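Morning, everyone. Please look at the screen, and keep the sequence in view while I talk.

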Amino acid sequence: NERKDQISSFIFKQGFFYEICISLVFLATSLFYTKDISDVWFLFLFFFVRLFGFYFFNHVLCYLRINGDNRGFSFVNNTVNIGGLIGVLVLSYFFGVFGYLTAIAIAPFLSLIWFRKVRFEKFSFKSNFKKQMLSYGAFSVLTALLSDLLFSLDIIILGFLLNEVSVAEYRIALLIPSNMVFLSAAFLQSDYPILAKNYKNKSFVLNYIKNYYKLFVPICLGII
């Protein structure tokens, strides 16, 4: 566990620096839109705050995940999401758009309640380890980017071929099937620590993939 805490401390320190850089770049982009859309900086400011909240939220989730605390992982995840939903409904009702933006900005910060459980240890790693971590982070970011692009590519292409109304209708019709991804995501989130520990065990990984498809192929066919 001490080793895990050291890795967690290293990732938090390195990640927080990059989080500040990315958030400042995000906020700076608002300067290019204020000329065309008034008060757009107001929206960027709320999402700027939300980005920092998500950093703490995701760090708490990762810490619980690497320590195998699936119950804590689910509890924190559900608390932040349900708390955010309640906040959106209540604040939107009383304060409109301002209330909605406030709710989504502060919701991730609910995870700070569990942040005190995160242990920070002094770390001393070899340069090779740091390179491995940076390489892993770079490939993870690239994978996430390509995954999001894959889910948005059809809408981008339709934007060139059809008018705005048709694209909007297609996007609405796609909401339910596209959000069914949470079923598979729930399994992968809970099983990720086990998969990470056995990533070199080819028979284990192949068996997991086989059972995964046995479960989700019938579910997908049933939804279709």
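Let me start with a definition. Angles under 35 degrees count as roughly parallel, over 145 as roughly antiparallel, 65 to 115 as roughly perpendicular, and the rest as oblique. The angles run from 0 to 180 degrees between N-to-C directions, and the axes are lines fitted to C-alpha atoms, for helices over the stretch in contact.

Next, the ground rules. This is a predicted model, in which local features need pLDDT of at least 70 and side-chain atom pairs count only at pLDDT 80 or more, while totals for chains, interfaces and linings use all residues. Residues are numbered from 1 along each chain as its sequence is written, and side-chain values use heavy atoms, with hydrogens and water left out.

Now the overall fold. The protein chain has 9 helices and 0 strands. Both are DSSP runs, numbered from the N terminus: helices are H or I with at least four residues, strands are E with at least two. Along the sequence, the pattern reads α-α-α-α-α-α-α-α-α. Contact means heavy atoms within 4.5 Å. Of the contacts with a separation of 6 or more, 66% join residues 24 or more positions apart.

On to helix pairs. Take α2 and α3. Their axes come within 8 Å and cross at roughly 160°. The two helices are therefore roughly antiparallel to each other. The crossing of α2 past α3 is left-handed. Left-handed means the near helix is turned anticlockwise from the far one by less than a right angle; right-handed means clockwise. Who meets whom? On the α2 side we have Phe57, Val60, Leu61, Leu64 and Arg65, and on the α3 side Gly72, Phe73, Val76, Asn77 and Val80. By class, this contact of α2 with α3 has 7 nonpolar, 2 polar and 1 charged residues. For the classes, Ala, Val, Leu, Ile, Met, Phe, Trp, Tyr, Cys and Pro are nonpolar, Asp, Glu, Lys and Arg are charged, and the others, Gly among them, are polar.

Next pair: helix α3, residues 70-95, and helix α4, residues 97-106. Their axes come within 6 Å and cross at roughly 155°. That makes α3 roughly antiparallel to α4. This crossing is right-handed. Here α3 uses Gly87, Val88, Leu91, Ser92 and Phe95, and among their partners in α4 are Val97, Phe98 and Tyr100. The contact of α3 with α4 holds 8 nonpolar, 4 polar and no charged residues.

Third pair. Helix α2, residues 40-66, packs with α4 at an angle of about 25°, their axes 8 Å apart. That makes α2 roughly parallel to α4. From α2 come Phe42, Leu43, Phe46, Phe47, Val49 and Arg50; from α4 come Phe98, Leu101, Thr102, Ile104 and Ala105.

Now, is Ser23 buried or exposed? Ser23 lies in helix α1, residues 2-29. It counts as buried, at 0% relative accessibility. Buried means under 20% relative accessible area, exposed over 50%, and partly exposed in between, with a 1.4 Å probe and protein chains only. Leaving out residues up to four places away in sequence, Ser23 touches Phe48, Leu51 and Phe52. Across the chain, buried residues make up 24% of the 224 residues.

Last, cysteines. A disulfide is a covalent bond between the sulfur atoms of two cysteines. The cut-off is a pair of cysteine sulfur atoms within 2.5 Å. How many disulfides does a search of the whole structure find? The count is 0. Cys21 is partly exposed at 33% relative accessibility. Cys62 is partly exposed too, with a relative accessible area of 42%.
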